[in-house]
Amino acid sequence: DRKVLAQAETSEDHVPYAVEQYKNFIASVAHSLKGELGHIKFAADNMLELSQDQTEAKDEYESISRSCDYAYLLLQRVTNFLDMSVPQLELVDLREILAEVESLSRNRLPSKGIELRFITEESAKAPLIVGDNTQIKLVLQELIDNAITELRGKGGVIEVFLKQSRGKTIVLVKDTGKGIPKEVKAKLFKEQISSKKGSGWGLYLCYRTIKNLGGDLKLQSVK
């Protein structure tokens, strides 16, 4: 019995070390992939210059560039999940962030059926906040991707509003999907909720990221 107990204690002692090694491995892979994406974008820039700005080549370049940007955001999601990414706080303009997110999102829309609208209300005259540019883009992209997934095959409208109210800057992502069941809403943001459409980590990570940046993420759904 003592031998078995000793083996169990030894095994448990190795768990934190194994987890740390796993995190280090993932971090190394993510860092290497980010570097490769940088090389791809650099090569695409050179190809665009050599093409003398031909329309067809420019369209292909923009497609490659957007795909690299989106892949970078996906890698950022991995590092956020493993708690290896410390927020790089700075003064950011949400209008600029939304413009980049819109470019990425439109490239991922189905050929027809889904309309995407970005609306900056008059109240949002100076939407400057302290935050992490990349992490905010990641959250917004995830919310829009969720809406696209919900509307794919059925069609509908996705609207992204930027506004200010009572001294707070608000970004609202709204879609015409069927809504979320009450039993799911109660668990949302608190734990992983798997479904046929995904692993369920996305919204949980979004919530944790925004909270870590000092903001808040709320859901309103009509079922």
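**Salt bridges and their surroundings**

Mentor: Let us begin with Arg 95, which forms a salt bridge with Asp 93, the closest N and O atoms being 3.1 Å apart. Please keep in mind that this is a predicted model, in which local features need pLDDT of at least 70 and side-chain atom pairs count only at pLDDT 80 or more, while totals for chains, interfaces and linings use all residues. Residues are numbered from 1 along each chain as its sequence is written, and side-chain values use heavy atoms, with hydrogens and water left out.

Trainee: What makes the pair of Arg 95 and Asp 93 a salt bridge?

Mentor: The term asks for a side-chain nitrogen of Lys or Arg within 4 Å of a carboxyl oxygen of Asp or Glu. The closest N and O atoms of Arg 95 and Asp 93 are 3.1 Å apart, and therefore the pair qualifies, since 3.1 Å is within 4 Å.

Trainee: Why is Asp 93 called buried, and why is Arg 95 called partly exposed?

Mentor: Buried means under 20% relative accessible area, exposed means over 50%, and partly exposed is what lies in between (1.4 Å probe, protein chains only). Asp 93 has 15%, so it counts as buried, whereas Arg 95 has 38% and therefore counts as partly exposed.

Trainee: What do Glu 100 and Lys 137 tie together?

Mentor: The side chains of Glu 100 and Lys 137 meet in a salt bridge at 2.8 Å, N to O. Glu 100 lies in helix 3 and Lys 137 in helix 4 (residues 133-151), so the pair ties together parts that are 37 residues apart in sequence. Lys 137 is buried at 14% relative accessible area, while Glu 100, at 37%, is partly exposed.

Trainee: How many salt bridges does a search of the whole structure find?

Mentor: Such a search finds seven, among them the bridge between Lys 211 and Asp 216, whose closest N and O atoms are 3.4 Å apart. Both partners there are partly exposed, Lys 211 with 39% and Asp 216 with 43%. Salt bridges also link Glu 115, Arg 117 and Glu 159 in a network.

Trainee: How do you know which stretches to call helices and strands?

Mentor: They are DSSP runs numbered from the N terminus, with helices (H or I) of at least four residues and strands (E) of at least two. The protein has six helices and five strands, and from the N terminus on its elements run α-α-β-α-β-β-α-β-β-α-α.

Trainee: What makes Leu 75 a buried residue, and which residues does it touch?

Mentor: Leu 75, which lies in helix 2, has 13% relative accessibility and so counts as buried. Contact means heavy atoms within 4.5 Å, and, not counting residues up to four places away in sequence, Leu 75 touches Ala 30, Leu 33, Lys 34 and Leu 37. The C-alpha atoms of Leu 75 and Leu 138, 63 residues apart along the chain, are separated by 9.9 Å.

Trainee: Where does Arg 108 lie, and why is it called partly exposed?

Mentor: Arg 108 lies in the loop between helix 3 (94-106) and strand 2 (114-120), and its relative accessibility of 35% is the reason why it counts as partly exposed. With residues up to four places away in sequence left out, Arg 108 touches Tyr 70, Gln 141, Asp 145, Ile 148 and Arg 152. From Arg 108 to Tyr 70, 38 residues apart in sequence, the C-alpha atoms are 9.8 Å apart.
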